[in-house]
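Hi,

Here is the structure I promised to pass on.

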Amino acid sequence: MVQRVFSGIQPTGTLHIGNYFGAIRNWASLQEDHDCVYCIVDYHAITTEIDPKVLRAASRSMALDLIACGIDPQRTILFTQSAVPEHTELAWIFGCVTGYSDLARMTQFKNKSAGKKFVSAGLFIYPVLQAADILLYRATGVPVGEDQVQHVELSRRIARRFNARFGEFFPEPEPIVGKGARVMSLADPAIKMSKTAGEAHYIGVMEDERSIHSKIRSAVTDTGLKPGATMSLGVANLFEVLDLSGGLLGDRSAAAELRTEFESGKLMYSRLKDTVFENLMEVLRPIRQRRRELEASGIVEDILREGANKARVIARENMTKVREMAGLVIR
Ligand code: TRP
């Protein structure tokens, strides 16, 4: 049987190239030989304050980004979490088999709640909802970044607890951690590329071309080169982006050539940056073109509705079983 894969992404703004190279590209290739369910997790997004209008637009926009990046709604179920309320229903039941102390250990919760004036209970039980997302479809593979592995492990624990208390039903999902494409911030290459660090730190997949150029131009490098010097983080990160782009374009010669120049101490960083920019744009251009076409065709609402319908069929069937097992009313 083909393995079912589930993953989710928060609809917070547009995708950046760290998301693309680190996660979405992996999501897209898993479609080749898995039964994939991909979800825009708007219930998770409201664990912290977000303007409702912004949220609704961002969910739609994320769907456009994902499809443009190769998520294929013909083969894959793509939908918005709140269109399938069974996610929250299962989350309640899972909340009753999750230890309070298990949640208190979650590093993402500790990071996200540190120093905040108001910390919602929703933020605390966020990983329970995540477990419900995965297990509602009885998925066994979960493509995620390193930072989410702890949550997938908690999902395994929740599955075990449910099974022990109510009977064998849920599989234990495994994280699928991508082969280490970790794009760092351009302005501070010691931290991972993210939107939270601010504008200068990331490159949006749909960002204006001139803006991308100027961000790459001002990426942090180092002050000088000696033959055989070790590569600074910023330079290594530019090479990483070049390698990733070259890999997708099927031509790694630019990276190899520049690497040789680096080793002999002759590399001009301005040339490295321009090459990174050109190669990256070659990867991004077709994605941006598809994004524009999709947006103009106005079919994204239909795609999401269709995706939610397919997801709901599976969700309802599994929830009927869960209600039966847990002694709840059978609808
Ligand atoms: N917590 C994930 C993140 O912030 C998003 C997410 C929600 C998710 N539900 C999921 C990821 C289920 C994988 C599976 O990146």
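Below is what turned up around the ligand and among the aromatic rings.

Housekeeping: this is a predicted model, with local features needing pLDDT of at least 70 and side-chain atom pairs pLDDT 80 or more, while totals for chains, interfaces and linings use all residues. Residues are numbered from 1 along each chain as its sequence is written, and side-chain values use heavy atoms, without hydrogens and water.

The residues around it (a heavy atom within 4 Å) are Phe6, Ser7, Gly8, Val41, His44, Tyr126, Gln130, Asp133, Ile134, Val142, Val144 and Gln148. The ligand alone exposes 360 Å², and the protein buries 89% of that (Shrake-Rupley, 1.4 Å probe).

Now the rings. There are 12 aromatic pairs (Phe, Tyr or the six-membered Trp ring, centres within 6.5 Å; planes under 30 degrees apart are stacked, over 60 edge-to-face, the rest tilted). Trp27 and Tyr38 are stacked, at 4.4 Å and 20°, and both are buried (under 20% relative accessible area, 1.4 Å probe, protein chains only). Phe94 and Phe170 sit 5.3 Å apart with planes at 75°, so that pair is edge-to-face; both of these, Phe94 and Phe170, are buried too. They also belong to one aromatic cluster with Phe162, Phe166 and Phe169.

Cheers

Definitions and conventions. Buried means under 20% relative accessible area, exposed over 50%, partly exposed in between (1.4 Å probe, protein chains only).
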